[in-house]
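Student: I have a structure I have never looked at before. Can you walk me through it?
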Amino acid sequence: MARLKFLCDADRCIECNACVTACKNENEVPWGINRRRVVTINDGKPGERSISMACMHCTDAPCAAVCPVSCFYGTADGLVLHDKDLCIGCGYCFYACPFGAPQYPRVGNFGGRGKMDKCTYCAGGPQADNSAVEYAQYGANRLAEGKLPLCAEMCSTKALLAGDGEIIAAIYKERVQRRGYGSGAWGWRTAYKEGLAV
Amino acid sequence: MAETFATQKPATLIWCMGATQHTVGTANVRAFCILLLATGNVGGNGNGANIFRGHCNVQGATDVGLDVVTLPFYYGLDENAWRHWCRVWDVPFESMAARFDTPQMMGVPGIPTTRYFDAVQMPGQGAKREGDENYLQQRDSLKAMVVFGHGGNTVTRMPEAAKGLEKLDLLVVADPHPTTFAVLANRRENTYLLPICTQFETSGSRTASNRSLQWGSKVVEPIFESKDDYEAMYRLAGALDRAAERRAMPVRFQAELFKHIEVQGQQPSAESILREINRGSWSTGYSGQSPERLKLHMANQQHFDLVSLRGKEGTPVAGDFYGLPWPCWGTPEMKHPGTHILYNTNLHVKDGGGTFRARFGVERNGETLLAEGSWPKGSEIEDGYPEFTVAVLKRLGWFDELTAPEKASLEHHFGANIDRASWSTDLSGGIIRVAMEHGCMHYGNGKARANAWNLPDPVPVHREPIYTPRTDLIAQYPTLPDRRGFRLPHLGQSVQARSNTVGRDFPIVLTTGRLVEYEGGGEETRSNKWLAELQQDMFVEINPGDAQSRGIRDGQWVWVTGPESNSRARVKALVTERVGPGVAFMPFHFGGWFMGEDLRGRYPTGTDPIVLGESANTITTYGYDPVTFMQETKVTLCQIRSA
Ligand code: SF4
Ligand code: SF4
């Protein structure tokens, strides 16, 4: 079974936000909730780099470890998904997550938190695949249709890769070897407990 | 840079509006081309001048003739050009001439979109005051305007634009969303908003930056009551005909100009529009891309090589370049593959090869302007030569290689003047076909020209911007003297002199440009919730040093003020080292606020974009390229203060 991962090649990302827009459109993510976002470091200075970030679907996911109602579940492909019907919006996973992936809609006027929302790797939720109820709560289930997440599919520079961890790591290594530099697969050590030395 | 270009080959130069939207725009572009020519970077794989366009089909729209100095496909405005298009449209030349105030006006360039509001505010020749250059070179001021697909806030000097819009007798805005044109002036009467559908709701050919054409098919039916451009124009033409009939005026638009366009109900067919383009556009080689050939390419996209753009052997598109990039010479039946690389003498002319055009005569100051020692692969003439006419074919003894129908077409259209018929006006395509059979370029084989003796600066020189902080450079590098062009006065040095007095109050250089999230005037994209969320506020980028000395914090409201028309804009500060000290940047896609006022209430209910903001062009100032009247959007002066 493949272990699905994300890889963002910061030496290629041009901060175009196509991945963010694709995600929002495909999953009808409401205004103010960002399952994916692009972060730019050293803005306007030499060495400026941008990284497209979403839930990395961690190995031994910290979010799952702290959830008081055990709403997270792993899939056979290594994805970390969650059940919104169980979620109580406590926000623990946000504090545990090293990537700031979990998002909460604001409900009411007193900063109350709604059910947690995060990247599903375009793999929907616990309901029947591609059912209307699944779409309403979690968005698209492209994986069930044999497709990869739309963010990576739409990436204009192919900086963002999604797929079997071994295959995307090999693509990245070949790139780095060819061009002679690479700042490393950002976040991999934290998320997957492995570096990507070339 | 020249050394890099000379030694690191192939080298290409890519530019967009950063080079062209200047008082020296034409000179910049020419300097780039000269650099490429002098370093041997033209006509080969991976080299050349690559100018990227900002929207779908900007290239096509330009080719088809939205430039006010020419009829479609760069034929110019002289009588030959008019007669050519009259033959294509099948309309008598006299009927065209009758549409103009005087016969001379037929050849006078129109008013560019960068200056429409000046043309509204200036008197026409009728009301011109003696000795006053401030007049429009036509009978009357501009009275009515129909705007198709143009944002309005992408044009400089918006405080003046607001005055001009207010003064128009009639304004029609045809666009998918109400643009800045619709709300900038407080117009109540004689203002019409026509809902036009997007490119996804209509079919037709679209030309990309690399000159490839693609057939776009309608994806969804037009939403609400919107119509596509074709139908809107067809119906407008019909309404004008009925009005003319009622007034017993002889002019007809729909009846004359749609003669060879198939119309179903009120809907002209996109295929027949392209066929008309094919019939007339020999000059630019838009003649070979029939709807059938383009659709074949779309259906066989997988058979094109991604690097060479060529259709693979053994497939229905073998040998063609993807999208038949223009020039695709001759008739569709000639099966020219399109021209992927311009001026490539390593290919046969029938295989996409080419020469430099012999456009500027055959000799100047005793020196030949024709090519020497250069010709395309397989050419029977191994030397330079002028462009092909019937007379040239006769002299070469090739005239009788024209087929009987080709000869008949030439005789029908040119009669006794047949010798003067040229490759670009021969509607049969025969002259092109015969020249190419001999490996020759019908437009001649000339030299590229670095010295453009008919332009204001034949060899490009530096000229300081109109508003410059380096007033010490004005004496040595002044802008051009005041002059006239495009029916209007064109001020240069008299405005530039203001730099000496306004510099103290406006010490920051302001430049403008694009954001990736928004497009053009921005109404479509600012109305899209996914994109609008990414850029919610109009902003000015300011260097940390300049921000600190003004007590400005990142994200706070500031006033940007400009040196003309008491212009001011309330925007958010983005403190960043993206801009150097003394320089500020504003994106030009925002609209719907004007000098501190929120105009949201002026949009028809439900049509207001999600995000509104001040327009950068509220602050931009006077300045036009002398050849094109392209506006100066890239350099002016401003001041920034806390709001
Ligand atoms: S990135 Fe955050 S939310 Fe996603 S699996 Fe890891 S810890 Fe959980
Ligand atoms: S689409 Fe690709 S290049 Fe664009 S921001 Fe996302 S990761 Fe970067």
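This is a predicted model: local features need pLDDT of at least 70, side-chain atom pairs count only at pLDDT 80 or more; totals for chains, interfaces and linings use all residues.

Student: How many residues of chain B are in contact with chain A?
Tutor: 13 residues of chain B are in contact with 17 residues of chain A; contact means heavy atoms within 4.5 Å.

Student: And how much area do they bury between them?
Tutor: About 1,200 Å², with 56% of it on carbon and sulfur atoms. Buried area is the accessible area (1.4 Å probe) that two parts lose on being put together, summed over both.

Student: How many salt bridges across that interface?
Tutor: The rule finds three between chain B and chain A. A salt bridge here is a side-chain nitrogen of Lys or Arg within 4 Å of a carboxyl oxygen of Asp or Glu. B:Lys529 and A:Glu28 meet in a salt bridge through their side chains, at 3.6 Å, N to O.

Student: What kinds of residues does chain B put there?
Tutor: On the side of chain B that touches chain A there are six nonpolar, two polar and five charged residues. Ala, Val, Leu, Ile, Met, Phe, Trp, Tyr, Cys and Pro count as nonpolar, Asp, Glu, Lys and Arg as charged, and the others, Gly among them, as polar.

Student: Switching to ligands. Which residues come nearest to ligand 2?
Tutor: A:Cys13, A:Cys16, A:Asn17, A:Cys19 and A:Cys155, out of 13 residues around ligand 2; near means that a heavy atom of the residue lies within 4 Å. That shell divides into eight nonpolar, four polar and one charged.

Student: What about ligand 1, which come nearest there?
Tutor: Of 13 residues around ligand 1, the nearest are A:Cys55, A:Met56, A:Cys58, A:Cys63 and A:Cys97. The shell around ligand 1 has eleven nonpolar residues, one polar and one charged.

Student: Back to salt bridges: how many over all chains?
Tutor: The structure holds 40. One of them joins the side chains of B:Arg293 and B:Asp320 (3.5 Å, N to O).

Student: Where do those two lie?
Tutor: B:Arg293 is in helix α13 of chain B and B:Asp320 in the loop between α13 and β10 of chain B, so the pair ties together parts 27 residues apart in sequence. Helices (H or I, at least four residues) and strands (E, at least two) are DSSP runs, numbered from the N terminus.

Conventions
Residues are numbered from 1 along each chain as its sequence is written. Chains are lettered from A and ligands numbered from 1 in the order in which they are written. Side-chain values use heavy atoms; hydrogens and water are left out.
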